[in-house]
Amino acid sequence: MVAQPIEKPTGAFVLSLIGGILGLIIGIVLLLIGVAFAGVLGYGGYYGYTAALMLFAGLGIWGIITAAIIIASAVKLNSYPLEHTKWSAIILVFSIIGLTGLFGIIGGIWGLVWKPHTVETMAGPMPPQPITRICTKCGRVIDENVKYCPHCGQELS
Ligand SMILES: [Zn+2]
């Protein structure tokens, strides 16, 4: 007996994905700003600024790494809804320690509390079988409930 998910945690997936993409953009912008300004100010000998801006760039790299993990987990969450607890927990943790902000946090919590409605493939009711019989005159398979054979018009008792 295999429980099959009949729906996906789409809301949690979309929010986490938005969070991940935002985090990626923020991370790239921080990294570029940090590297660009550190390069400019570095020549001026403002070592304090340079260190601060390298920290900025480092924060950007951290944002990019966490965002990549969140995006990958969001895709996994959507692909394997039955493992939603595992992937949502990863999204939540990396959204808190990363730079994705509220989207990933809400997406992660949503994925955690999300419950898939499953159907058990072996336990489901059998589809109703059409009741048929053979026409006494032409021998074709016909519905039991008809009064006359649709093929040859034979009256059926
Ligand atoms: Zn017939």
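Predicted model: local features only at pLDDT ≥ 70, side-chain atom pairs only at ≥ 80, totals over all residues.
The protein chain contains four helices and four strands. From the N terminus, the order of elements is β-α-α-α-α-β-β-β. The chain has 157 residues, and 27% of them count as buried. Contacts between residues at least 6 apart in sequence were also examined. Of these, 64% join residues at least 24 apart.

Helix packing was examined for α3 and α4. Two packed helices are described by the angle between their axes and the distance between the axes. Helix α3 spans residues 84–97, and helix α4 spans residues 102–113. Their axes come within 8 Å and cross at roughly 160°. Angles over 145 degrees count as roughly antiparallel, so α3 is roughly antiparallel to α4. The crossing of α3 past α4 is left-handed. On the α3 side, the contact is made by His-84, Thr-85, Trp-87, Ser-88, Ala-89, Ile-91, Leu-92, Ser-95 and Ile-96. On the α4 side, Gly-104, Ile-105, Gly-107, Gly-108, Ile-109, Gly-111 and Leu-112 take part. By class, this contact has eight nonpolar and eight polar residues.

The largest nonpolar core has 19 residues. Within this core, Ile-70, Ala-74 and Ile-91 touch the most other members. Helices α1 (10–44), α2 (47–79), α3 and α4 each give two or more residues to the core. The largest share comes from α2, with six residues. Ile-91 also belongs to the α3 side of the contact with α4.

Ala-12 lies in helix α1. Ala-12 has 26 other C-beta atoms within 10 Å. The cut-off for a buried residue is 20 or more, so Ala-12 is buried. Not counting residues up to four places away in sequence, Ala-12 touches Leu-77, Ser-88, Gly-107, Trp-110, Gly-111 and Trp-114. Among these partners, Ser-88, Gly-107 and Gly-111 also take part in the contact of α3 with α4. Ala-12 and Ser-88 are 76 residues apart along the chain, yet their C-alpha atoms are separated by 8.3 Å.

Ile-97 is placed in helix α3. Ile-97 counts as exposed because it has 10 C-beta neighbours inside 10 Å, and the cut-off for exposed is 12 or fewer. The C-alpha atoms of Ile-97 and Gly-63 are separated by 8.9 Å. Along the chain, Ile-97 and Gly-63 are 34 residues apart.

Lys-147 falls in the segment after β4 (141–143). Lys-147 has 7 C-beta neighbours inside 10 Å and therefore counts as exposed. Leaving aside neighbours within four places in sequence, Lys-147 is in contact with Glu-155 and Leu-156. Lys-147 and Ser-157 are 10 residues apart in sequence. In space, the C-alpha atoms of Lys-147 and Ser-157 are 7.2 Å apart.

Notes: Residues numbered from 1 in each chain as written. Axes fitted to C-alpha atoms, helices over the stretch in contact; angles between N-to-C directions. Parallel < 35°, antiparallel > 145°, perpendicular 65-115°, else oblique. Left-handed = near helix turned anticlockwise from the far one by under 90°. Contact = placed C-beta atoms within 7 Å. Nonpolar A, V, L, I, M, F, W, Y, C, P; charged D, E, K, R; others polar. Core = buried A, V, L, I, M, F, W, Y, C linked by C-beta atoms within 7 Å.
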